[in-house]
Amino acid sequence: MTAVLFDVPGPRGVARNRLAGVLGSAVVLGVLGYVLYRFYDTGQFEGRLWSWLQYEQIQRDLIKALSSTLRAFAAGAVLALAFGAVFAAGRLSEHGWLRLPSVLVVEFFRAIPLLILIFLFYYGLPSAGVKMTPFMALVLGLMLYNGSVLAEVFRAGILSLPRGQSEAAYALGMRKTQVMTLVLLPQALRAMLPAIISQLVVLLKDTALGFLITYYELLRYAQNIGGSFQFGRPLIPVFIVVSSIYITLCLLLTWLATYLESRNRRSKRIPAGRGPTELAPEQPPLVIIPAGDATL
Amino acid sequence: MGDVWGVLAHNTDLFVTGFANTIKLFLIASIGSLVLGTVLAMMRVSPVPILRVAGTAYVTVVRNTPLTLVLFFFAFAYPLLQIVQISFFAAACIGLTVYTTAFVCEVVRSGINTVNVGQAEASRALGMTFAQTLGSVVLPQAIRSVVPPLTSVQIALLKNTTIAAGFSVFEAGAIRDNLSERGEDVLVGLLWVAAGFLILVFPLTMLQRSLEWRWRVAR
């Protein structure tokens, strides 16, 4: 894709690119080197600051923090998918009295910052007499926000299918539920998968918001260990460990998405000479993430 | 559920300063991320491998890190490196910019990819350089398909500014803190904050939808 913008360079082009490459490397290495030097100069690489990693109790705490992050993610993901499915169905419904409330709910929860939503549950509801644990508040917030975004993804996925699909199904005498579950959903799910998984990555990242309502997860753990004088306040080493855990988890999810995508593409290839291929659209239209949601 | 309007009327100062700071954070990070994101996107499509690698590495790392973690770094870990001491507000601006830049970059890059290959080829055939091709032919066309998703990124940025409240910045997300100190009804206060965001986000969403509809490119 990048080769679109420039030709295979000639001798002068090569020289120019090489010069740019040298300058670019100098800048990149310079910045990296300076940061590493600051790390070194302030003693972040000293063994003392990394000694906390050897203690069994602290390792166990790390596992505990990781598992509570994953627990919030799992609960939030399952609930958000369910919420999304219900409200997508509501928005696609033929009945106005179902459609209107669904639209309002989805638009409302998408426009409010997730953190405010979580604060509402954790700090706001007690004054109305409802007490919540940090876990519940976090998961509820994740469910409502990401569920609303997923509802839009589902809806866009269903709407992206050619109309002939549902028309043909109705012509065969199927009921609305049958059309949806037997014809539309199986096809739409394939097209939606990348969008769904990237929303799940967002959900995973958003579990870090639990830090702000005292939920004991990875970031809270980083703050606790990072501030302990016993190990010389190893905030930066702990930060490095925790952020690499997050990055690894997110990359694993993204990798899963790519894997599933490639598998889907393989399974749709129709062997030559097996019926007219134009009945099955080769490439399902990409799901465009609907208005108002950047996946960040 | 006490006095709904009273919470707003008695604490107008909090709400006004809070939302003013939110908007300030948003504008600074918005401009910063748009400029840096475009530069980063150009690096990622440039003919120089090292720039491409650096751009890709940046985007991969930042996109997969929670924003809370980025802000945490600039608020608590960065001062330990003893480079230049910065205020919490500046730290939040930098954190939000660093984070949003990666997303802006991806949007701009995918916009560049939507421009027809023939366009770039034709301009190369006319003898244009890489910078000319990108600047006078590809980017002007890419902007049409880029602006609607860029608006989404900016809307998300606006909502994300609330996270700075957890790192000693007084903005809309921190109104709750001060309300509970004053003994006001936090639930009502938070609902007002939510309403404030609805008012801020709604015009942007409308703008984005109309742009999406009007600038739909027929290709």
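This briefing describes selected features of chains A and B. The model is predicted. Chain A and chain B touch, with 47 residues of chain A and 56 residues of chain B in the contact. Within chain A, the points below concern the packing of helix 3 against helix 9 and the surroundings of V139(A).

**Helix 3 and helix 9 of chain A**

- Helix 3 of chain A covers residues 56-92 and helix 9 of chain A covers residues 218-226; their axes lie 8 Å apart and form an angle of about 155°.
- Angles over 145 degrees count as roughly antiparallel, and helix 3 of chain A and helix 9 of chain A are therefore roughly antiparallel to each other.
- Helix 3 of chain A contributes I58(A), D61(A), L62(A), A65(A), L66(A) and T69(A) to this contact, while helix 9 of chain A contributes L218(A), Y221(A) and I225(A).
- By class, the residues of this contact are seven nonpolar, one polar and one charged.
- Helix 9 of chain A is mostly covered, with seven of its nine residues buried.
- The buried residues of helix 9 of chain A are L218(A), L219(A), R220(A), Y221(A), A222(A), I225(A) and G226(A).

**V139(A) and its surroundings**

- V139(A) is part of helix 6 of chain A, which covers residues 134-159.
- A residue is buried if 20 or more other C-beta atoms lie within 10 Å of its own; V139(A) counts as buried because it has 27 C-beta neighbours inside 10 Å.
- When neighbours within four places in sequence are left aside, the contacts of V139(A) are A72(A), A75(A), G76(A) and L79(A).
- L203(A) is 64 residues from V139(A) in sequence, and the C-alpha atoms of L203(A) and V139(A) are 9.9 Å apart in space.

**The side of chain A that touches chain B**

- Helix 1 (11-41), helix 5 (114-124) and helix 10 (235-267) of chain A are the elements that each give two or more residues to the side of chain A that touches chain B.
- The residues on this side of chain A comprise 33 nonpolar, ten polar and four charged.

**Chain B as a whole**

- Chain B contains nine helices and zero strands, and its elements run α-α-α-α-α-α-α-α-α from the N terminus on.
- The C-alpha trace of chain B spans about 70 × 45 × 25 Å along its principal axes.
- Of the 219 residues in chain B, 49% are buried.
- Among contacts in chain B between residues at least 6 apart in sequence, 76% join residues at least 24 apart.

How values were computed:
Residues numbered from 1 in each chain as written. Chains lettered and ligands numbered in written order. Predicted model: local features only at pLDDT ≥ 70, side-chain atom pairs only at ≥ 80, totals over all residues. Axes fitted to C-alpha atoms, helices over the stretch in contact; angles between N-to-C directions. Helix = DSSP H or I, 4+ residues; strand = E, 2+ residues; numbered from the N terminus. Parallel < 35°, antiparallel > 145°, perpendicular 65-115°, else oblique. Contact = placed C-beta atoms within 7 Å. Nonpolar A, V, L, I, M, F, W, Y, C, P; charged D, E, K, R; others polar. Buried ≥ 20, exposed ≤ 12 C-beta atoms within 10 Å, placed from the backbone.
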